[in-house]
Amino acid sequence: VLLLKNLGSTANMSDVQEATNQLLHVNLHEKQRGIHMTESVPRSESEHLRVTIGATVPTGFEQAAADEVREKLRSSCKISKDRGKIYFDISVESLAQVHRLRSVDNLFVVVQELKDFQFKETKEKVLKDFEELAGKLPWSDPLKVWKINTSFKKKKTKRKKLNQNLSKEKIDNGRDKREERDVKKELSNNSLDSHILDYYEKPAIKEEISTLVGDVLASCKNETDESLKEDTDPEVLKFRVTCNRAGEKHCFSSNEAARDFGGAVQDYFKWKADMTNFDVEVLLNIHDNEVIVGIALTEESLHRRNITHFGPTTLRSTLAYGMLRLCSPQPSDIIVDPMCGTGAIPIEGATEWSNCFHIAGDNNPLAVNRTANNISSLLTKSQIKEGKLSWGLPIDAIQWDICNLPLRTGSVDIIVTDMPFGKRMGSKKRNWNLYPACLWEMSRICKPGTGRAALLTQDKKCFTKALSGMEHVWRKVHTVWVNIGGLHAAVYLLNRTPQPFVHPSGQDKEELLSAKND
């Protein structure tokens, strides 16, 4: 296996050239198909090797992701008509930079894009076309990129075990003073990580996803025999095909497309099918008449980068980045998340906008504790990576009451938060009182004239009603519609009006206090 060390910001052309040359000696079984592979690639070819990268992004934030690509990679970017995807061209030297993008969830290299695929009238003919397609695709350059990519891509981690070990370590070291029942509750929350992540990751679109796993009737004994042969036959790669299909006019299912296309890929390369321990994941993305074949460059979503201690409503880091970017943070800005949960938003902000100061707060002591632990874990990770002590992050966490924040009037530049949906946290009924009180207190701490806020909620009716009574202090600028775990939510971008905050008195004050205590 080719190992490329430090292929990142320190990578140079010789590293890439060496990787490209060595991968040509890896047996991808293309010689069996009559594909000519030279023993070496000229330096000029390596320098000018360009490929198209596809990326999945949070739905609704495609434009933010495209803007980040243009800024950081100096590359043109196309937003797909299939929501939640963007495409851009890069040279192979920029691959490490692509993995450092903050707005993308998963990456893949495009093998070929078929913009107007002519689907035949019968299922049998369509599936036959998929089988024939496998042998006609230009696999060579994408496989080179895949091989180089394997040396520094983010690996999958066993989060449940990791979180349990972290919690156990805190108890042993005496740093966690909670009672045993609270510790058990925390561990129980961590055991739900996969369900929590699924809740925020499954897009609410009419889409079928299916994975080819080889012969579904294969016995466990056969799988064991194959694993025993792995060491004696290391050159044969293992693969799977994942089909994502969206559209109403298809006469086939994603499972059928994955099965037939995957079978043809297997025959073409002589690879072995394996659902879990695969080396290569081939993607077959079908959206109406558009077909895109790609090779995955990420094993685990890039949004799983900051959080090690999860709560019941942990937000994806990529979504947090998109919300922060909407507010255009400027140097020295004070950015507050008054309902921070596990701290996903302020931690992402402190990582990307380190010239601002970020304050995370929540009324739940467990949430504040999780945020503090996540900050600590990120600092430890940074120190290990850099091999030296870190100066820390411009962030702090505090327990407070959202309706009575311990912050001066007009002292905050930006407010970004994930408000209670009334599903997993809080209730719809309580939101009718909570939302007006929150918006009022946010208007107090936000700077008149220049302050702005990005607020995420699924309870759109309640939020709209609450906002309608505060037009003198908040002005709605833009609404981004997003899908979160099948829930249609919205991110509201608000500007603080120049109207100075006037402290409530009399009946208004009584109503706010009633909302706070309800």
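**Aromatic pairs, helices and a cavity in a predicted model**

Ring pairs link Trp 139, Phe 239, Tyr 268, Phe 269 and Trp 271 into a cluster. Rings of Phe, Tyr and Trp (its six-membered ring) were taken to pair if their centres lie within 6.5 Å, with planes under 30 degrees apart counted as stacked, over 60 as edge-to-face and the rest as tilted. The structure is a predicted model, in which local features need pLDDT of at least 70 and side-chain atom pairs count only at pLDDT 80 or more, while totals for chains, interfaces and linings use all residues. Residues are numbered from 1 along each chain as its sequence is written, and side-chain values use heavy atoms, with hydrogens and water left out.

The structure holds 14 aromatic pairs. In one of them, the ring centres of Tyr 87 and Phe 108 are 5.9 Å apart and the planes stand at 80°, so this pair is edge-to-face. The pair links distant parts of the chain, since Tyr 87 lies in strand E3 and Phe 108 in strand E4 (residues 106-114), 21 residues apart. Helices (H or I, at least four residues) and strands (E, at least two) are DSSP runs, numbered from the N terminus. Tyr 87 and Phe 108 are both buried, where buried means under 20% relative accessible area, exposed over 50% and partly exposed in between (1.4 Å probe, protein chains only). Tyr 268 and Phe 269 form another edge-to-face aromatic pair, with 4.8 Å from centre to centre and 90° between the planes. Tyr 268 is buried at a relative accessible area of 10%, and Phe 269 is buried at 0%.

Tyr 268 and Phe 269 are also among the buried residues of helix H11, along with Ser 254, Glu 256, Ala 257, Ala 258, Asp 260, Phe 261, Gly 262, Ala 264 and Val 265. Helix H11 (residues 254-269) has 16 residues, which at 1.5 Å a residue should span 22 Å, and its end C-alpha atoms are 22 Å apart, in agreement. The expected span is 1.5 Å times one less than the number of residues in the helix. Lys 270 follows H11 and has a positive phi, near 65°.

In helix H16 (residues 460-468), the buried residues include Cys 462, Phe 463, Ala 466 and Leu 467. Seen down the axis of H16, its buried residues fall within an arc of 130°, so they line one face of the helix. The arc is that of the directions from the helix axis to the C-beta atoms. Lys 461 and Lys 465 are exposed on the other side of H16. Lys 460, also placed in H16, counts as partly exposed at 23% relative accessibility. Lys 460 and Val 491 are 31 residues apart in sequence, and their C-alpha atoms are 9.6 Å apart in space.

Two cavities of 30 Å³ or more are present in the structure. On a 1 Å grid over the protein atoms alone, a cavity is a set of points where a 1.4 Å probe fits but cannot get out, and lining residues have an atom within 4 Å of a point. Grid points are joined across faces, edges and corners, and a volume is the space filled by probe spheres set on the points. The second largest cavity holds about 40 Å³ of space. Its lining consists of Ser 80, Asp 82, Lys 85, Tyr 87, Asn 285, Ile 286, His 287, Glu 290 and Ile 292. Strands E3 (85-91), E8 (280-287) and E9 (290-296) each supply at least two residues of this lining, and the largest share, three residues, comes from E8. By class, the lining has three nonpolar, three polar and three charged residues. Ala, Val, Leu, Ile, Met, Phe, Trp, Tyr, Cys and Pro count as nonpolar, Asp, Glu, Lys and Arg as charged, and the others, Gly among them, as polar.

Positive phi values also occur in loops. Arg 74 is not a glycine, yet has a positive phi of about 55°. Arg 74 lies in the loop between helix H3 (62-73) and strand E2 (77-79) and is exposed, with a relative accessible area of 73%. Ser 332, likewise not a glycine, has a positive phi of about 75°. The loop that holds Ser 332 runs between helix H12 (317-326) and strand E10 (334-337), and Ser 332 is exposed at a relative accessible area of 58%. From C-alpha to C-alpha, Ser 332 and Trp 353 are 9.6 Å apart in space, at 21 residues apart in sequence.

Methods: 1 Å grid on protein atoms, 1.4 Å probe; cavity = no way out; pocket = protein on both sides within 12 Å on 5 of 7 lines; lining within 4 Å.
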